[in-house]
Amino acid sequence: MSEPILIYEKSRPGRVGYTLPDLVATESDILSSIPAKFRRQTDAQLPEISENEVMRHFVGLSVKNHHIDRGFYPLGSCTMKYNPKLNDKAATFSDFQEHHPLAPCSSAPGILQLMWELQQYLCEVSGFSGMSLQPVAGAQGEFAGLLIMRAYHMERGSHRTKVIIPDSAHGTNPASVASIGFTTIEVKSNEQGIISPEAIKAVMSDDVAGVMMTNPNTLGLFERNVKEIADIVHAGGGLMYMDGANLNAIMGIFRPADTGFDIMHFNLHKTFSTPHGGGGPGAGAVGVRADLEKYLPLPVLEREPHQRKLFFNYDRPHSIGRLHSFFGNFANIVRAYAYIKSNGGDGLRLASENAVLNANYLKEQLKKDYDLPFDTHCMHEFVLSGNRQKKLGVKTSDISKRILDFGMHAPTNYFPLIVPEAMMIEPTESESKETLDRFAEVMHQIAREAETTPEVVTSAPTTTPVRRLDESYAARTLDVNYQG
Ligand SMILES: *Cc1c(COP(=O)(O)O)cnc(C)c1O
């Protein structure tokens with residue numbers, strides 16, 4: 001007999017997980033108080049199951065998948081740090097959760113105050129003067145930022161439509177450029193893995209609307225030439241956009257606006273306490289320098305000059321418009337606020353310092369067994385290459401599958417595209433030395449296996465609920481309908 005999987009299969013008629021007091025009114029009294037057109041004709045098909053079976057069902061599901069509460073999760077570029085439960089709790093306060101999004105702002109001064117303060121904190125962290133919390137993903141933050149860039153040029157009557165992007169960029173960068181109808185010019189990273197000012201100078205022209213850079217870049221390296229690059233771009237009439245999805249290395253240390261960036265998005269769901277990669281909603285706040293504030297998405301949270309009351313201003317003729325219903329993903333906003341409040345400025349800086357320390361510690365341990373294409377001091381993450389193992393018939397994807405056998409999540413694979421057989425590793429600040437050492441041991445063992453018993457690696461995983469899935473088939477032929 002096969003194990004039941006769905007809660008519906010575990011259902012037995014009449015079995016319940018609750019006890020209710022006897023009805024005071026009769027069932028027909030209750031029914032007659034609901035207009036006929038709103039009454040259901042047939043009973044809802046709900047699972048009937050006892051409380052302990054419900055618990056076992058969901059706890060069982062929760063451990064089938066890997067998550068940060070279960071084990072190490074060094075998924076590069078995703079900043080899978082431990083997110084304190086306090087922040088989750090704050091996001092579920094009933095005054096937040098039960099406040100109707102259509103209720104007037106006057107009934108929610110605390111909510112507006114929280115959003116206002118978070119905007120101020122993000123301005124402080126980044127150095128920008130204007131902020132919008134509306135975008136609901138990093139990619140949507142990029143979209144908003146690029147629309148702002150386009151609006152800036154359009155207002156000047158210029159027809160610039162090209163955006164310069166490094167070859168190490170995250171895939172969302174060129175996609176966002178295309179989504180606003182612009183085209184990209186790709187520039188190559190130099191032998192140190194960063195962009196040199198000469199590379200930008202060579203392609204800067206009157207067609208260029210701006211440059212989109214990630215700092216630290218996706219190799220985990222600090223783009224040391226940003227100031228010089230910004231000078232070239234500004235002199236040429238363009239704007240500097242920073243992809244600030246990964247701020248975990250620089251909080252309290254480097255403020256993007258201070259080096260000449262004009263626009264930036266944050267991924268609040270990476271650095272600021274909502275796990276990324278969970279498939280849930282994100283928050284891609286956008287910051288801008290003072291003269292670009294007029295283009296921010298509608299509505300803009302402002303403070304009345306006299307009464308000092310906060311309100312949403314819809315009367316902003318230069319705005320790029322509304323990007324999302326209501327005011328962004330509010331639960332993420334609360335978590336980010338709680339995270340910043342509970343850490344304080346010093347705490348954020350310490351988090352970044354430890355994130356960098358942990359990444360460098362791990363890099364030094366792993367570089368004996370794996371190729372390290374850019375052997376230099378890294379920021380919050382680093383990128384290894386599985387080239388040496390590939391020659392032995394073990395691909396990076398095999399190594400990643402083998403890691404799962406040890407109860408750890410795999411690193412990001414095959415990204416950035418400029419490193420063959422890439423493994424992008426981001427340990428984050430929240431892991432102990434013991435966990436990092438254990439991961440290094442596991443990676444060391446896998447490197448030995450690749451040399452001596454490669455089939456152990458190429459046939460992994462063996463300890464997970466499912467083994468090797470046909471991922472491309474699953475992605476192309478999506479079928480989420482379960483037939484028992
Ligand atoms: C995660 C990430 C993004 C995109 O963020 P989403 O919220 O997934 O849209 C963009 N750029 C970089 C560098 C990232 O790491």
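Trainee: How many residues surround the ligand, and which are the closest?
Mentor: The ligand is surrounded by 15 residues, and the closest are Ser77, Gly138, Asp243, His269 and Lys270; a residue counts as near when one of its heavy atoms lies within 4 Å of the molecule. Keep in mind that this is a predicted model, where local features need pLDDT of at least 70 and side-chain atom pairs count only at pLDDT 80 or more, while totals for chains, interfaces and linings use all residues. Residues are numbered from 1 along each chain as its sequence is written, and side-chain values use heavy atoms, with hydrogens and water left out.

Trainee: Which polar atoms lie by the oxygen atoms of the ligand?
Mentor: An N or O atom in the side chain of Ser77 is 2.5 Å from a ligand oxygen, a backbone N or O atom of Gly138 is 2.7 Å from a ligand oxygen, and a polar side-chain atom of Asn267 is 3.0 Å from one. The protein buries 89% of the 380 Å² that the ligand exposes when taken alone, with areas from the Shrake-Rupley method and a 1.4 Å probe.

Trainee: And which helices supply the shell around the ligand?
Mentor: Helix 6 (138-155) and helix 10 (268-271) each supply at least two of its residues, and the largest share, three residues, comes from helix 6. Helices here are DSSP runs of H or I with at least four residues, and strands are runs of E with at least two, numbered from the N terminus.

Trainee: Changing topic, is Thr271 buried or exposed?
Mentor: Thr271, which is placed in helix 10, counts as buried because its relative accessibility is 0%; buried means under 20% relative accessible area, with a 1.4 Å probe and protein chains only. A polar atom of the Thr271 side chain lies 3.2 Å from the backbone nitrogen of Leu247. Not counting residues up to four places away in sequence, Thr271 touches several others, including Thr79, Lys81, Asn248 and Tyr339, where contact means heavy atoms within 4.5 Å.

Trainee: You mentioned Asn248, so where is that one?
Mentor: Asn248 sits in the loop between strand 5 (239-244) and strand 6 (263-266), and it counts as buried because its relative accessibility is 0%. Its side chain makes a polar contact with the side chain of Glu429 at 2.8 Å; a polar contact is a pair of N or O atoms within 3.5 Å, and within protein one must be able to donate a hydrogen and the other to accept it, while residues adjacent in sequence count only if both atoms are side-chain atoms.

Trainee: How many aromatic pairs are there?
Mentor: The count comes to eight aromatic pairs, taking rings of Phe, Tyr and Trp (its six-membered ring) whose centres lie within 6.5 Å. One of them, Phe272 with Tyr339, is edge-to-face, at 6.3 Å centre to centre and 85° between the planes, edge-to-face being over 60 degrees. This pair links distant parts of the chain, 67 residues apart, with Phe272 in the loop between helix 10 and strand 7 (286-288) and Tyr339 in helix 11 (residues 330-366). Both Phe272 and Tyr339 are buried.

Note on methods
Buried < 20%, exposed > 50% of the residue type's maximum accessible area, 1.4 Å probe, protein only. Phe/Tyr/Trp six-rings, centres within 6.5 Å; stacked < 30°, edge-to-face > 60°.
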